[in-house]
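Subject: Structure handover

Hello,

The structure is placed below for you to look over. My notes on it follow.

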Amino acid sequence: MQAYGWLIDEKLCIECRACESACKMWNQVETGVGVRRRQVRVYTMGVFPQVRQQSLTGACNHCENAWCMKVCPVKAIWRREEDGVVLIDQDKCVGCQQCAMFCPYGAPQFNLRTRKMDKCTMCFDRLEQGLDPACVTLCPTGALKYGPWDEIRGKGSETTENFAPPRQTRPKIRFVKDPFPVKG
Amino acid sequence: MALTRRDWLKTTGAGLAGAPAALGAFEDYFQRASGAPAGMTRIVTACGICSPACGIQAWVQDGKLRFLEGLPGDVSGGGHLCGKGAAGAMQLYDPDRLKYPMKRTNPRKGLHEDPGWVRISWQEALDEIAFRMKQTIDTYGTEALLFVTLPSPDLWARFMNAMGVVNRVDHRDECFQTDMIIQKYTTGAKTWCNDFENSKYILLFGWDILAKAKLAYATGIVKARENGAKVVHFSPNYTATSRFANEWITIKPGTDLAVALAMIQVILSENLYNREFVDNYTNFGKYETEIRTHFAQYTPEWAEQISGVKADVIRRIAREFASNGPAIAPAHKKSLCANYMNSTQLVHAISILNILAGTIDRPGGRYFPRMHSIPGVDAIYPPPAYPPKKGRRVDGRDKLPLVNEVDAGIFSTLADGMLNKYPGMIKFSFWNAYTILGFPSPLKMVEALKTVDFTVVMDFLPTDTVTLADIVLPSAMYLEGNDAVARDYIAKYPQTVARKAVSAPIFEAKSIAYVAIELGKRLCPDYFKTPDGSWINPSTLLDEKVRRAGLGENFADFAAKGLVEKPQPFVPRTTFVSVAGADGKCQIYVPQFVAKGADPLPKWIPKRDQPNEHYPYYYMTFIPAVHRRNTTENNSILHEMFPTNAAIINPALAKKHGIAEGQKVLVRSRAGQIELPAHLSETVPPDVVMVAHGFGHVSRALSLAGGVGARDGDLIPDASIDDFVAAGNYGGSSCIMDAVCSIEPL
C-alpha cells in the first residue's frame with residue numbers, strides 16, 4: 001500500500017484559505033449544511049500585547065489507527081487498500097455521529113441535509129489521476145503539502161500546539177517547525 | 001456530495017490511472033503535478049475579484065465551471081490563487097444574480113421599500129436611460145449628471161468624456177488616491193510594484209498585507225523572509241501580518257505619521273541615507289537646508305509622546321531600515337493611506353523613507369512596472385475632440401487641486417455636497433458596481449440618492465444600491481468576458497494574460513462596454529463609429545489591441561497562448577520623470593506643492609477624531625482576508641468562512657463594561673450607532689473597538705448576505721470638503737477609519 005500524508009509548515013500560512021475554497025470547489029461540497037472538510041483554524045494565545053496566533057489548516061488525517069473507523073457501528077468507514085485513504089460509504093452511513101465524537105480532529109462532520117457524515121477524501125480521485133489534492137494545488141505559499149507517507153513520516157514533528165496528541169490514532173500528518181532563517 | 005469509491009467508479013468508469021507519478025527525491029516529489037483532470041477542458045483566464053488579476057486555469061466539465069486554479073508561470077499569483085479567487089465560480093453561479101433589466105414601479109424610495117420591479121427589455125432600458133440623460137443635460141446642463149463608476153473600461157470612459165460628464169466619483173479616495181498624488185510628485189508615475197523578494201528590510205505601516213492575500217504581495221514577502229529579510233509591522237492590533245513579521249510594534253491608531261517623521265529625522269541627523277542615490281537622483285542637495293531644518297523638530301522622543309512607540313525603538317528601526325538595505329516601505333491601500341485625516345502626509349513621509357533608502361526603481365525596492373503597451377480605444381479609433389467639462393463638482397473636489405489632477409472623486413464628501421452644498425443639483429445618476437456600504441455614513445448617502453430624479457444601477461448582484469434604482473441593468477462578471485490583462489502589480493517584465501470567458505453571460509447580463517456603445521449610439525454617435533462609418537465592435541477592438549500590442553494576430557490567437565511574456569533584464573532608471581520642474585529627479589521637497597496649497601514636506605497633523613469623554617475608544621475597521629469589500633459576502637463558500645461581523649474588543653475592555661462573548665452590544669459614534677454581538681480577542685488593544693467591513697447589506701434579494709451583520713460605515717462620519725481643506729488633507733484621504741466610539745452591553 002502506498003499511503004499518503006500531509007506536511008504542514010505553519011509559519012507559511014497566510015490565512016488566505018485557498019485550501020478551504022479549493023476543497024469545496026473540487027469536491028462540490030454543498031455549502032450551508034455544516035460541512036467544511038478542510039478548515040483553517042486560528043488560535044490566539046497570550047494577553048495583549050504579549051499575544052500570539054497560530055493558524056492551522058485541518059482536514060482528515062487518514063489515521064493509521066482510525067478511531068472513526070473503529071467506532072462506526074455500521075462499518076460505513078473503510079480504508080482504501082491502494083492509498084490508505086479513509087472514506088465514508090454514504091450508502092451505509094446512518095448519521096449517528098459516533099465517528100465525530102471519537103475523532104480528535106473534527107474530521108467527520110454531520111451533513112444537515114443528507115443527515116449523514118462527510119469528510120475529506122484526500123481527493124483520491126485526483127490522486128488516481130496523478131494530481132495533487134485540490135487544497136495542496138491551490139496553497140500559494142507551500143504551507144500545505146502532501147506526499148508518500150513513508151517520506152513524510154521522517155519529516156518535521158509529529159505534533160504541534162493545539163493539535164490533539166497523535167499517539168492513539170497515529171494521524172498521517174507532520175509539522176515543519178523550523179523558523180524562518182535569522183538574518184545575519 | 002461525498003464521493004465513495006463506488007460513486008467514483010460509477011462516474012469515471014474505472015480508477016484507470018495508476019499510482020501517482022514516479023517518486024524521486026522528496027523535494028522533487030513536491031513539484032506540482034501537471035496535466036488535466038479527466039473529462040475536463042482548460043480555459044486560461046484572469047481573476048477579477050481583486051486588482052492584481054492573478055492568472056487562472058479554469059477547468060470546465062460539461063459546460064460548467066468546475067474548478068479554478070492558478071496559472072503556472074504567472075508571476076502575479078505565482079501559479080496559485082487565494083481563497084477568494086478559488087471561490088470565484090460561486091460569484092458566477094450565484095443564484096441571486098441580476099438576470100434581466102428591470103424598472104421600478106414604486107415611486108417611494110428607501111432601503112426598506114419594495115421597488116416593485118417589472119422586467120423590461122434592454123432596448124427599453126437603454127432608450128429610457130438615453131432619454132433621461134438627454135433631458136437632464138438639455139434642462140440642467142451636464143453638471144446635473146452623477147456617475148459613480150470607475151473610469152474603465154476605456155469604452156465607458158469614452159462615453160463619459162463624450163457626454164462631458166463632470167461629476168464622476170469613484171472609491172479611490174478610500175484607496176490609493178493619496179498614494180497616486182504623492183508618487184506623481186515625488187518619484188514619477190504611479191506604481192504599486194514592490195520587489196519584496198529581493199528586499200532585506202520590509203517596513204509595514206498598519207497594513208495587514210499578508211492576510212489581505214493579494215498574492216502578488218503576500219508571496220513576495222514570504223520569499224523575502226525565506227531569503228532572510230526582516231519584516232517590521234507597525235499596527236495597533238495583532239494580525240496575520242504581525243504573526244508573520246519579525247517584529248510587531250503596537251502603535252496608537254492614526255499616529256504612524258509621527259513615527260515615520262521621526263524615522264526620517266533619525267536617518268537625516270545621523271546621515272544614514274543612501275548617499276549614492278540621494279546625491280545623484282534626488283533634489284536633496286538643492287533643498288538640503290529646508291529639509292534638515294524641517295525634520296529636526298520630529299525627534300523620536302516627540303513621536304513617542306504621540307504614538308506610544310518607545311523612542312529607542314523608533315531610533316533602532318530607523319537605523320536598521322537605513323543600514324540593512326535594500327529596504328522598502330510599501331504604501332498603497334485602504335488599511336494605510338486612506339484611513340486618517342493625516343494619511344496624505346503619511347504617504348509623503350513613506351515615500352521619503354524609500355527615497356532615503358535609495359530603492360526607488362532599484363532591486364529590493366519600489367519599482368516601476370515593465371508592461372506590454374496595450375493601446376486604448378482612443379489610440380485605435382481617435383475620437384472627435386471631447387467637449388469641455390463644464391459645471392460644478394458636487395463633491396467639492398475642485399477645492400483640492402491635487403485631487404483634481406488625478407481625476408478621481410471623493411466618496412466621503414459626496415453626500416454632503418448633494419444634500420447641503422448643491423442641493424437638487426444632481427438629477428440623474430448612474431452607478432456601476434458600487435454599493436452604498438462603501439460610503440462613510442451610508443444612510444446619509446441613501447438620503448442624498450433619494451434627492452436624485454432618476455437613478456440607473458448596473459451590477460451583478462441585487463445590492464442595496466439596486467434597491468434605490470429606477471432602472472437596473474444586469475452586469476456580466478469577470479468570468480464572462482474577454483480581455484487582455486497586462487498586470488501591473490508585479491510587472492518586472494511584461495507578462496500579459498488572456499482573460500477568456502469561461503461562460504457566456506448568464507440570462508441577459510451584459511458588459512458595461514456594451515452599455516457604453518448602445519448609449520453612445522443614441523447620444524453621441526460620432527464617438528462610437530470607426531473610420532469606415534460602422535459602429536465600434538468590442539471584439540474587433542480587442543483583436544486590434546492584441547495585434548498592436550504584439551500579443552498575437554488577434555484575440556483568439558492570443559487566447560490560445562494564454563500567457564505572453566517578454567523576459568528582459570531589470571535595468572534601473574536613472575531619471576525620474578514626475579512633473580514639470582522636477583529635473584528628472586526624485587523630489588523629497590516638493591516645491592510644486594506650495595503653489596497648490598499643500599505643504600512641500602510632510603508635517604505632523606493629528607487624526608480627525610480623538611477619544612473623548614463621550615466616545616472614549618478608537619474605532620477601527622478591516623476587510624476580512626476572505627472577502628472583497630462589499631462584493632463577496634453573498635458568495636456561498638466565502639460566506640461560510642466569514643458570515644457576519646462582530647464588535648471585536650479586548651477582554652479587559654469587555655470586563656470593564658460587563659460584556660460577555662457573543663453578547664449584543666451597542667456601539668455609538670458621533671455619526672450613528674450599530675448593534676452587533678461582541679467578540680472578545682486579545683489581538684486588539686484595550687482602547688479599540690474593531691468591526692469588519694462589508695456586512696450589513698439590507699437587500700433581502702441577497703439570500704445569504706442580506707440582513708446579516710451591521711454596517712460599519714454607520715459609525716464613520718462623512719465630511720464636508722471644507723473639513724478637508726481646513727485640516728490640510730490635500731490628497732483627500734477619506735478618513736474611513738478616523739472615528740471614535742463608545743460601547744455598552746444591551
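Before the first item, a word on how the angle is taken: axes are lines fitted to C-alpha atoms, for helices over the stretch in contact, and angles run from 0 to 180 degrees between N-to-C directions. Please keep in mind throughout that this is a predicted model.

Helix pair in chain B

Helix H10 (residues 256-269) and helix H13 (residues 300-307), both of chain B, have axes that come within 9 Å and cross at roughly 170°. Angles over 145 degrees count as roughly antiparallel, and H10(B) and H13(B) are therefore roughly antiparallel to each other. On the H10(B) side the contact is made by B:Ala258, B:Val259, B:Leu261, B:Ala262, B:Gln265 and B:Val266. H13(B) contributes B:Pro300, B:Trp302, B:Ala303, B:Ile306 and B:Ser307. Sorted by class, this contact has nine nonpolar residues, two polar ones and no charged ones.

Interface of chain B and chain A

The two chains meet through 69 residues of chain B and 73 residues of chain A. About 6000 Å² is buried between them, and carbon and sulfur atoms give 60% of that area.

Two salt bridges are found across this interface. B:Arg243 forms a salt bridge with A:Glu15, where the closest N and O atoms are 2.4 Å apart.

On the side of chain B that touches chain A, the elements giving two or more residues include helix H1 (5-12), helix H2 (26-29), strand S3 (64-70), helix H8 (215-226), helix H9 (240-244) and helix H25 (636-641) of chain B. H8(B) supplies the largest share of that side, six residues. By class, the residues of chain B that touch chain A divide into 42 nonpolar, 15 polar and twelve charged.

Salt bridges overall

Over all chains the count comes to 62 salt bridges. One pair is B:Arg119 with B:Glu508, whose closest N and O atoms are 3.1 Å apart. This pair links distant parts of the chain, 389 residues apart. B:Arg119 is in strand S5 (residues 118-119) of chain B, and B:Glu508 is in the loop between strand S18 (495-499) and helix H21 (512-523) of chain B.

Backbone points to check by eye

- The peptide bond from A:Phe48 to A:Pro49 is cis, with omega near -5°. A:Pro49 lies in the loop between strand S2 (39-47) and strand S3 (50-58) of chain A.
- B:Gly325 and B:Pro326 are joined by a cis peptide bond, with omega about 0°. B:Pro326 lies in the loop between helix H14 (311-323) and strand S12 (327-328) of chain B.
- A:Lys75 is not a glycine, yet has a positive phi of about 55°. Its place is in the loop between helix H2 (67-71) and strand S4 (77-79) of chain A.

Regards

Terms used: Residues numbered from 1 in each chain as written. Chains lettered and ligands numbered in written order. Predicted model: local features only at pLDDT ≥ 70, side-chain atom pairs only at ≥ 80, totals over all residues. Heavy atoms only, no water. Helix = DSSP H or I, 4+ residues; strand = E, 2+ residues; numbered from the N terminus. Parallel < 35°, antiparallel > 145°, perpendicular 65-115°, else oblique. Contact = heavy atoms within 4.5 Å. Nonpolar A, V, L, I, M, F, W, Y, C, P; charged D, E, K, R; others polar. Buried area = accessible area lost by both parts, 1.4 Å probe. Salt bridge = Lys/Arg side-chain N within 4 Å of Asp/Glu carboxyl O.
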